[in-house]
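Hello,

Here is the structure I promised to pass on to you. Have a look at it first, and then read my notes below.

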Amino acid sequence: MAEENQAQPAAEQQNGTQFPPQFFDCVNEYLELTNKQSQQYGEKNISLAALFASARFNAHVFLANVKPIAAAEERTAFLDYMSTMYRRMLNEHLDGMGEERGIDVGDSELADEYKAAGVKIGRLKDAPAAANE
């Protein structure tokens with residue numbers, strides 16, 4: 001499946017974030033499993049199951065790594081961080097997959113970052129260049 005072989009999101013390539021190859025091996029293995037399960041149980045059911053499992057696992061990781069005395073104090077920051085990270089990832093994938101499939105997915109919440117990095121994706125490809133660029 002095309003999603004399993006996607007390159008690193010454009011914004012992260014521009015920011016210099018590098019992931020080791022095993023990161024993408026894990027992602028691809030997970031996608032293979034969800035694609036198989038989707039055929040049996042339906043995409044919407046597996047999407048919800050994946051979100052539930054991710055939330056459960058990330059709660060476990062938080063609790064395994066935070067000092068118990070600090071858990072209550074750090075909870076809100078953890079929730080904000082994880083929510084922001086998920087929203088960014090979702091934006092990147094909507095932008096990239098929309099581009100790949102020729103679907104207008106609307107204005108990206110990351111448009112300013114893409115523009116600053118010189119990335120032209122989605123509606124930014126059609127935007128006129130600024131006069132002083």
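Leu51, Asn58 and Phe62 are the residues through which α3 meets α4, and their partners on the α4 side are Ala71, Glu74, Arg75, Phe78, Met82 and Tyr86. Sorted by class, this contact between α3 and α4 holds 6 nonpolar residues, 1 polar residue and 2 charged ones. Please keep in mind that you are looking at a predicted model.

How do the two helices lie against each other? Two packed helices are described by the angle between their axes and the distance between the axes. Helix α3 covers residues 43–65, and its angle with α4 is about 140°, while the two axes are 11 Å apart. Angles over 145 degrees would count as roughly antiparallel, and 65 to 115 as roughly perpendicular; α3 and α4 are therefore oblique to each other. The crossing in which α3 passes α4 is right-handed.

Helix α3 also packs against α2, which spans residues 21–41. Here the angle is about 135° and the axes are 7 Å apart, so α2 and α3 are likewise oblique to each other. Their crossing is right-handed. On the α2 side the contact is made by Tyr30, Thr34, Gln37, Ser38 and Tyr41, and on the α3 side by Glu43, Asn45, Ile46 and Ala50. In terms of class, the contact of α2 with α3 has 4 nonpolar, 4 polar and 1 charged residues.

Now to the second largest pocket. Its volume is about 270 Å³. Which residues lie nearest its centre? Of the 18 residues that line the second largest pocket, those are Gly106, Ile121, Gly122, Arg123 and Leu124. Two elements, α4 (71–101) and α5 (111–117), each give two or more residues to this lining. The largest share comes from α4, with 3 residues.

Best wishes

Notes:
Residues numbered from 1 in each chain as written. Predicted model: local features only at pLDDT ≥ 70, side-chain atom pairs only at ≥ 80, totals over all residues. Heavy atoms only, no water. 1 Å grid on protein atoms, 1.4 Å probe; cavity = no way out; pocket = protein on both sides within 12 Å on 5 of 7 lines; lining within 4 Å. Points joined across faces, edges and corners; volume = space filled by probe spheres on them. Helix = DSSP H or I, 4+ residues; strand = E, 2+ residues; numbered from the N terminus. Axes fitted to C-alpha atoms, helices over the stretch in contact; angles between N-to-C directions. Parallel < 35°, antiparallel > 145°, perpendicular 65-115°, else oblique. Left-handed = near helix turned anticlockwise from the far one by under 90°. Contact = heavy atoms within 4.5 Å. Nonpolar A, V, L, I, M, F, W, Y, C, P; charged D, E, K, R; others polar.
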